[in-house]
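Me: I should like to learn how to read the features of a protein model. May we go through them one at a time?

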Amino acid sequence: MNPLVLTLRERPDQRLDLASLVPHRLAGMTVAEIEKIELQTTRRRVVLADVFRLRMGEAAHIRIEASSNRLDRIGHEMAGGEIVVEGDVGAWAGRLMADGHLTIHGSAGPWAASGMKGGTMEILGDAGDRLGGPAAGETAGMRGGIVLVRGRVGERAGDRMRRGTIVVEGAAGPYAGSRMIAGTLVVVGRTGPLPGYLMRRGTIVLDEGSDCMSPTFIDCGVHDLVTARLTAGFIAPYSARAARLFSTPLRRFAGDMAALGKGEIFTRP
Amino acid sequence: MQEMTVKGVRIDDTFAEAFGMRATAVLITADSIRWARQAALTMTGFATSVIGCGCEAGVAGEVAAEQTPDRRPGVRVLLFAVSTAELQKQLQARVAQCVLTSPGSACYAGLDGEETLRLGNALRYFGDGWQISKRFGSKHYWRIPVMDGEFLCEATTGLTKQAVGGGNLLIIGRTTQTTLAAAEVASAAIAKVPDVIAPFPGGIVRSGSKVGSKYKGVPASTNHAYCPTLRGAVVTALDPGAACVLEIVIDGLTSNAVAAAMAAGVAAIIELGPERGAMRISAGNYGGKLGPHHYHLRNLLP
C-alpha cells in the first residue's frame, strides 16, 4: 500500500473545503488533475497545489499531514477506502460518510460525522459540538456506522441520531444525545447536564454519570441485561475502556418523558 | 438382495432414499446450559415427523459460551419442513411458545443464508410497543421486555433450500436389548456430526411406516414387512433370528452432512458388533423414484 500523501505547506489564510479529496473522487485522476482541484471557500481561488505538497499514491489510501483546523469537510460522502489525518481538522469531518475508515490524529471541529451513514470514524483528540448531528433543516443526524472519540466532545453529541454507535472515551458536554431518535451513545467520562434531552428512542450509556440528570428520566432499577453483553461485545474491538463499562449491572432510566419516552440512559448503580 | 458382512454385522446392499427440505437453525442461549437445553428441548418436542408435527426439529449440538454472541452457553436447534411457509409458521410458533417463555433465554440466527425467515421481526409485537430495535454492525436484534428482564432475539435467521430429510438406518437385532444398544451407540455417534438431527425420541424410532394404509384417509401405516410379530404371517423383510427393528431417521442441512451422519451410525453399530448389538443393518427406500437423494450403505462402510 502506497498512500496518496497531502502535506499542508502552511496554515491557510482562509477556510478550505476538502470535500472533493475522498478516495472515490480521486480514483483515476492524474497528478496534474489533482493539483488543480479548487479548495477555496472565499472569492480568492485556491487550488490544491497552492496549499499542499502532493505525493502521488493509491487514491484508496489518503494521508493528510500537518493538518489544520481550517480544513473543513474532510471525508465528505466517503464511500470506501481510508483517510488518515495527522493533526486537527475543521468542521463537518466525515459528513454523510457511507463506508471506509476516517482516522484523525488530532481534534475535530463541530459537526464531525454529521449525518454519517456507515463506516468507521476515529478521532484521537477531542470533537466539537453536535458530533454526528444533522445539518440545519435535516430531520435526522447520524444514521449508521461507528464513531470513536478518544478525547472529549462538545455539546449535543449524537443530536437527532437515528442509528449507529458513538463511543466517547473522554467527557461529554451538555445535552449529550439530545433529541435522539435511536442508536447508541456511550460516554466513559463525565457528562454535562441534561443528557438525553428530549430523546425519543435510543440508548445512552454513561460511566461516570451526569452533572445533572433531567427529572423527566424515570429510574427503572438496576438490571443485568443480555443487550449489555451484546453491546460490550460489539464495542470491545474499538474501545476496551467502554466495553468494561458493561461488566456490571447498570441502572436504567427511561425517558425523555417530555418527548416520546422510549429511550433509555444506563448508568452505574 | 446382496449382502456384505463387516465384523460379523450384515449390511444390506440397499440405500436410504431422502427428500429435499427447507431448513433453518437458531441458537438459544441462557444463563446456564441447563436452561439453554431446556428451551431447546421444549422447542423441539413434538417435532418428530412432518407427517403429524408440521416440522422435524432437534438439537444439533451445544455451543460453548465463548462462541455465542452474548458469551453465555448455547444450544443450536435445526428445524426442517416441506415448505418455506410451513417452516416460517413452525419457527415462529415454537420460538414464541417455547423460547420466549423460557427463563433467561435469548435467541439468535443459527444459520447464515441469503434468504431469511422472520425471527425477532415476528416476535417483537409481543413487546406491545415497548420493544426496542438494536443494530450492531450488520446484526439486527429486538429487545422485548418480559417479566424476568428482556428477551433478546435476532431479527431474522437464515433459510436453506439445500437441506435433506429422511436419511435413515434400519437396525435389526436378535433381542430388544441388543438392538436398542446398537441404536443408542448409532444415535450418540450421529449426535456428534454437525448440521444434522435425528428428530425421533432419543434419535430412535420403533414404528417405521410405509406409505398408505388399508383404511381410507390414513396416509401412513405400520411397516408390516419389518414387524417381527408378523414374520410368519406376511411377506417379511426379516430373517428367522430377528426379533426387533429400530430405525434412525436423519435430517441434515446438506446432503453431505446426512451421508456423514449415516456413515457415523453404521461405524458405531459395526464397532459394537453382533453379539452386543445388531446382527444386520438395512435402509428404507421407496424404490428410488420418489426421493432425489440416495445413500447406498456400501458407500458408507468404515
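Me: How many residue pairs are in polar contact between chain B and chain A?

Reply: In this predicted model, six residue pairs are in polar contact between chain B and chain A, both residues being at pLDDT 80 or more. On the side of chain B that touches chain A, the elements that give two or more residues are β6 (106-109), β8 (132-136), β9 (139-146) and β10 (149-154) of chain B. The largest share, four residues, comes from β8(B). Sorted by class, that side of chain B has eight nonpolar, three polar and seven charged residues.

Me: What is the area buried between chain B and chain A?

Reply: The size of an interface is often given as the accessible area lost when the parts come together. Here the area buried between chain B and chain A is about 1400 Å², and carbon and sulfur atoms give 60% of that area. In terms of residues, 18 of chain B are in contact with 17 of chain A.

Me: Which side chains meet in a salt bridge between chain B and chain A?

Reply: Side chains of opposite charge can pair when their charged atoms come close. Between chain B and chain A the count is one salt bridge. The side chains that meet in it are those of B:Arg143 and A:Glu264, at 2.5 Å from N to O.

Me: How many salt bridges does the structure hold over all chains?

Reply: Over all chains, the structure holds 30 salt bridges. One of them joins A:Glu169 and A:Arg150, whose closest N and O atoms are 2.9 Å apart. A:Glu169 lies in the loop between β10 (163-168) and β11 (184-187) of chain A, and A:Arg150 in the loop between β9 (143-149) and β10 of chain A, so this pair ties together parts that are 19 residues apart in sequence.

Me: Where in chain A do the partners A:Arg179 and A:Asp159 lie?

Reply: The side chains of A:Arg179 and A:Asp159 meet in a salt bridge of 2.7 Å, N to O. A:Arg179 is in the loop between β10 and β11 of chain A, whereas A:Asp159 is in the loop between β9 and β10 of chain A; the pair, 20 residues apart, links distant parts of the chain. A:Arg179 is partly exposed at 26% relative accessible area, while A:Asp159 is buried at 0%.

A further pair is A:Asp211 and A:Arg190, with closest N and O atoms 2.9 Å apart in a salt bridge. Since A:Asp211 is in the loop between β12 (203-206) and β13 (218-223) of chain A and A:Arg190 is in the loop between β11 and β12 of chain A, the pair ties together parts 21 residues apart in sequence. A:Arg190 is partly exposed, with a relative accessible area of 36%.

Me: Which residues do salt bridges that share partners join into one network?

Reply: The network consists of A:Glu122, A:Arg150, A:Glu169 and A:Arg241.

Me: Let us turn to helices. Why does the span of helix α5 of chain B agree with what should be found?

Reply: Helix α5 (residues 176-191) of chain B has 16 residues, which at 1.5 Å a residue should span 22 Å; its end C-alpha atoms are 22 Å apart, so the two agree. Helix α3 (residues 84-99) of chain B also has 16 residues, and it reaches 21 Å from first C-alpha to last, close to the 22 Å expected.

Me: Which residues of α5(B) are buried, and what do they pack against?

Reply: An α-helix has 3.6 residues a turn, so residues three or four places apart point the same way. The buried residues of α5(B) include B:Thr179, B:Ala182, B:Ala183, B:Ala186 and B:Ile190. The buried residues of this helix pack against β11 (156-173), β12 (196-197), β15 (244-252) and α6 (255-276) of chain B. In α3(B), the buried residues include B:Leu87, B:Leu91, B:Arg94 and B:Cys98.

Me: Which side chain does a polar contact join to that of B:His140?

Reply: B:His140, in strand β9 of chain B, is joined to B:Ser133 by a side-chain polar contact of 2.7 Å. B:His140 is buried, with a relative accessible area of 14%.

How values were computed:
Residues are numbered from 1 along each chain as its sequence is written. Chains are lettered from A and ligands numbered from 1 in the order in which they are written. This is a predicted model: local features need pLDDT of at least 70, side-chain atom pairs count only at pLDDT 80 or more; totals for chains, interfaces and linings use all residues. Side-chain values use heavy atoms; hydrogens and water are left out. Contact means heavy atoms within 4.5 Å. Buried area is the accessible area (1.4 Å probe) that two parts lose on being put together, summed over both. A salt bridge is a side-chain nitrogen of Lys or Arg within 4 Å of a carboxyl oxygen of Asp or Glu. A polar contact is a pair of N or O atoms within 3.5 Å; within protein, one must be able to donate a hydrogen and the other to accept it, and residues adjacent in sequence count only if both atoms are side-chain atoms. Ala, Val, Leu, Ile, Met, Phe, Trp, Tyr, Cys and Pro count as nonpolar, Asp, Glu, Lys and Arg as charged, and the others, Gly among them, as polar. The expected span of a helix is 1.5 Å times one less than its number of residues. Buried means under 20% relative accessible area, exposed over 50%, partly exposed in between (1.4 Å probe, protein chains only).
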